[in-house]
Amino acid sequence: MESALPVAGFLYWVGAGTVAYVALRISYSLFTAFRVWGVGNEAGVGPGLGEWAVVTGSTDGIGKSYAEELAKRGMKVVLISRSQDKLDQVSSEIKEKFKVETRTIAVDFASEDIYNKIETGLAGLEIGVLVNNVGMAYEYPEHFLDIPDLDNVIKKMININILSVCKMTQLVLPGMIERSKGAILNISSASGSHPVPMMTIYSATKTFVDFFSRCLHEEYRSKGIFVQSVLPYFVATKLAKIRKPTLDTPSSETFVKSAIKTVGLQSRTNGYLIHALMGSVISVLPSWIYFKLAIDMNKSTRARYLKKIKKN
């Protein structure tokens, strides 16, 4: 009986230590969540980083909303996208609404020979924020070998989703390092957090954006540069083919207002509280359950799309 007492005492302290550790972890998680989603970092992004912000894919959706939010904070904005007509329209709207200077550069990120033109357009600008937003998604979920015009899709998706992030960073980062301040916000996707069957190329390219951002942040944060990987779930945009916002599918304006407050606080973020909760749930699912849910959802989406096309 006496020999059991030290063992019981040891187990007691192990149990007490475990409870204390779990309590501290929960308290820290709650504090962090309140700091990010309750308080945020409202002053983290603005002209203090540099006069100009550069936003790719800036005429629709998340890119346009980032451009507007940055202009609202007093930054001059360089809008980069494919259509000059759309660029002129968004530029005019931002000038009128926020009273800031804008510039436009019309290029197609599916091409590889555009970066000299972009470099010329950015020459001499004090760039404090770069938003690498331009992206290309699938028309509908499909098995890899059955993707229509597969060769072209592979090339375009790599150029738009991967090459653009690398090349735009290459153009803008040296000036930020010279001034020891700046923020690069790379718009990845929740599809880059977990493999998504039937969205294979898209998921893989967004994983690249996430890893690239995380590595870059560690390389250059000591030089005053904050690099953020933004991994949203569905946002009501033209790219996502969702028109009506809901609680879990916010408008691009709602999403960006939330995401931009995480700059300086989270180098890797879902950008939106509900999306962060969704990510937490998915991260603890057994992989076989996750893959079944993902592929069943994409098969259903594919069937609806093909049925709609057939009717038309």
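Keep in mind that the model is predicted. Helices H4 and H5 cross at roughly 40°, and the structure holds 11 salt bridges.

**H4 against H5**
- The axes of H4 (residues 115-122) and H5 (residues 150-179) come within 11 Å.
- At roughly 40°, the two helices are oblique to each other, and their crossing is right-handed.
- On the H4 side, the contact uses Tyr115, Ile118, Glu119 and Leu122; over on H5, they meet Asn159, Leu163, Ser164, Lys167, Met168, Leu171 and Val172.
- Sorted by type, the residues of this contact come out as seven nonpolar, two polar and two charged.

- Glu142 pairs with Arg302, with the closest N and O atoms 3.0 Å apart.
- That pair spans 160 residues, from the loop between strand E4 and H5 (Glu142) to helix H9 (Arg302).
- Glu142 is buried at 4% relative accessibility, while Arg302 is partly exposed at 27%.
- Asp210 and Arg268 also form a salt bridge, at 2.9 Å from N to O.
- Asp210 sits in helix H6 and Arg268 in strand E7, so this pair ties together parts 58 residues apart in sequence.
- Asp210 is buried, with a relative accessible area of 0%, whereas Arg268 is partly exposed at 37%.

- Glu69 and Arg73 form a salt bridge with their closest N and O atoms 3.1 Å apart.
- Glu69 is buried at 9% relative accessible area, and Arg73 is buried at 14%.

Methods. Residues are numbered from 1 along each chain as its sequence is written. This is a predicted model: local features need pLDDT of at least 70, side-chain atom pairs count only at pLDDT 80 or more; totals for chains, interfaces and linings use all residues. Side-chain values use heavy atoms; hydrogens and water are left out. Axes are lines fitted to C-alpha atoms, for helices over the stretch in contact, and angles run from 0 to 180 degrees between N-to-C directions. Helices (H or I, at least four residues) and strands (E, at least two) are DSSP runs, numbered from the N terminus. Angles under 35 degrees count as roughly parallel, over 145 as roughly antiparallel, 65 to 115 as roughly perpendicular and the rest as oblique. A crossing is left-handed if the near helix is turned anticlockwise from the far one by less than a right angle, and right-handed if clockwise. Contact means heavy atoms within 4.5 Å. Ala, Val, Leu, Ile, Met, Phe, Trp, Tyr, Cys and Pro count as nonpolar, Asp, Glu, Lys and Arg as charged, and the others, Gly among them, as polar. A salt bridge is a side-chain nitrogen of Lys or Arg within 4 Å of a carboxyl oxygen of Asp or Glu. Buried means under 20% relative accessible area, exposed over 50%, partly exposed in between (1.4 Å probe, protein chains only).
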